[in-house]
Amino acid sequence: MGALSVLPAFGMYLGITVGKARKTADVKLPLLFASEEDAAKDPLKHKFNCVQKSAMNFQEHVTPTVIGALVTGTQFPRATAVALLVWITGRFFYHAGYSTGDPKKRSRGMFGTLTQAVGILASLYSAYKLVC
């Protein structure tokens with residue numbers, strides 16, 4: 001469960017990077033993204049869109065990852081903690097790569113995605129073991 005405690009801090013880090021990119025690119029709230037037209041003309045706006053998308057992608061994946069970790073942790077607590085830390089590290093490299101403005105560089109964190117896939121299978125196995 002200790003590994004889960006890193007997630008709020010990481011989420012805050014992502015929020016700070018989005019805020020800095022928003023300010024640098026001068027994208028006003030409540031807009032979630034700069035328009036495609038503005039991003040095509042201004043590299044800072046394009047970069048902001050990449051930073052924002054990366055942070056939103058984390059939000060899309062964190063809930064199922066936490067639920068899976070809670071289930072898997074009942075059967076494999078140490079392995080789950082290690083896997084969760086590997087996943088968070090992968091998300092860091094994913095965000096760092098995507099935040100360059102080149103979406104292809106998000107693949108630097110692909111090992112986190114692979115860890116998440118293994119975690120999903122482990123959570124299904126753990127749920128089976130809890131029920132059967």
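Mentor: Let us begin with a term: a pocket is an open set of grid points with protein on both sides within 12 Å along at least five of seven lines, and its lining residues have an atom within 4 Å of a point. Please bear in mind that this is a predicted model.

Trainee: Which residues lie nearest the centre of the largest pocket?

Mentor: The largest pocket has a volume of about 310 Å³. Its lining comprises 19 residues, and the elements that give two or more of them are H3, H4 and helix H5 (110-131). Nearest the centre lie Thr72, Thr115, Gln116, Gly119 and Ile120.

Trainee: Is His95 buried or exposed?

Mentor: His95 is found in helix H4 (residues 77-98). Buried means under 20% relative accessible area. The relative accessible area of His95 is 2%, so this residue is buried.

Trainee: With which side chain does the side chain of His95 make a polar contact?

Mentor: Not counting residues up to four places away in sequence, His95 touches Tyr13, Leu14, Thr17, Val51, Ser54 and Ala55. A polar contact, at 2.8 Å, joins the side chain of His95 to the side chain of Ser54.

Trainee: Which residues have the most contacts inside the largest nonpolar core?

Mentor: This core has 19 residues. Helix H1 (6-25), helix H3 (43-73) and H4 are the elements that give two or more residues to it. Those with the most contacts inside the core are Leu7, Phe48, Phe58, Leu84, Trp87 and Ile88.

Trainee: Which peptide bond is cis?

Mentor: Most peptide bonds are trans. Pro30 lies in the loop between H1 and H2. With omega near 15 degrees, the cis bond is the one from Leu29 to Pro30.

Trainee: What is the phi of Asp26, and is Lys28 buried or exposed?

Mentor: Asp26 is placed in the loop between H1 and H2, and Lys28 also lies in the loop between H1 and helix H2 (36-41). Their side chains make a polar contact at 2.6 Å. Exposed means over 50% relative accessible area, and Lys28, at 54%, therefore counts as exposed. The phi of Asp26, a positive value in a residue other than glycine, is near 60 degrees.

Terms used: Residues are numbered from 1 along each chain as its sequence is written. This is a predicted model: local features need pLDDT of at least 70, side-chain atom pairs count only at pLDDT 80 or more; totals for chains, interfaces and linings use all residues. Side-chain values use heavy atoms; hydrogens and water are left out. Helices (H or I, at least four residues) and strands (E, at least two) are DSSP runs, numbered from the N terminus. Buried means under 20% relative accessible area, exposed over 50%, partly exposed in between (1.4 Å probe, protein chains only). A polar contact is a pair of N or O atoms within 3.5 Å; within protein, one must be able to donate a hydrogen and the other to accept it, and residues adjacent in sequence count only if both atoms are side-chain atoms. Contact means heavy atoms within 4.5 Å. A nonpolar core is a set of buried Ala, Val, Leu, Ile, Met, Phe, Trp, Tyr and Cys residues joined through side-chain atoms within 4.5 Å. On a 1 Å grid over the protein atoms alone, a cavity is a set of points where a 1.4 Å probe fits but cannot get out, and a pocket is an open set with protein on both sides within 12 Å along at least five of seven lines; lining residues have an atom within 4 Å of a point. Grid points are joined across faces, edges and corners, and a volume is the space filled by probe spheres set on the points.
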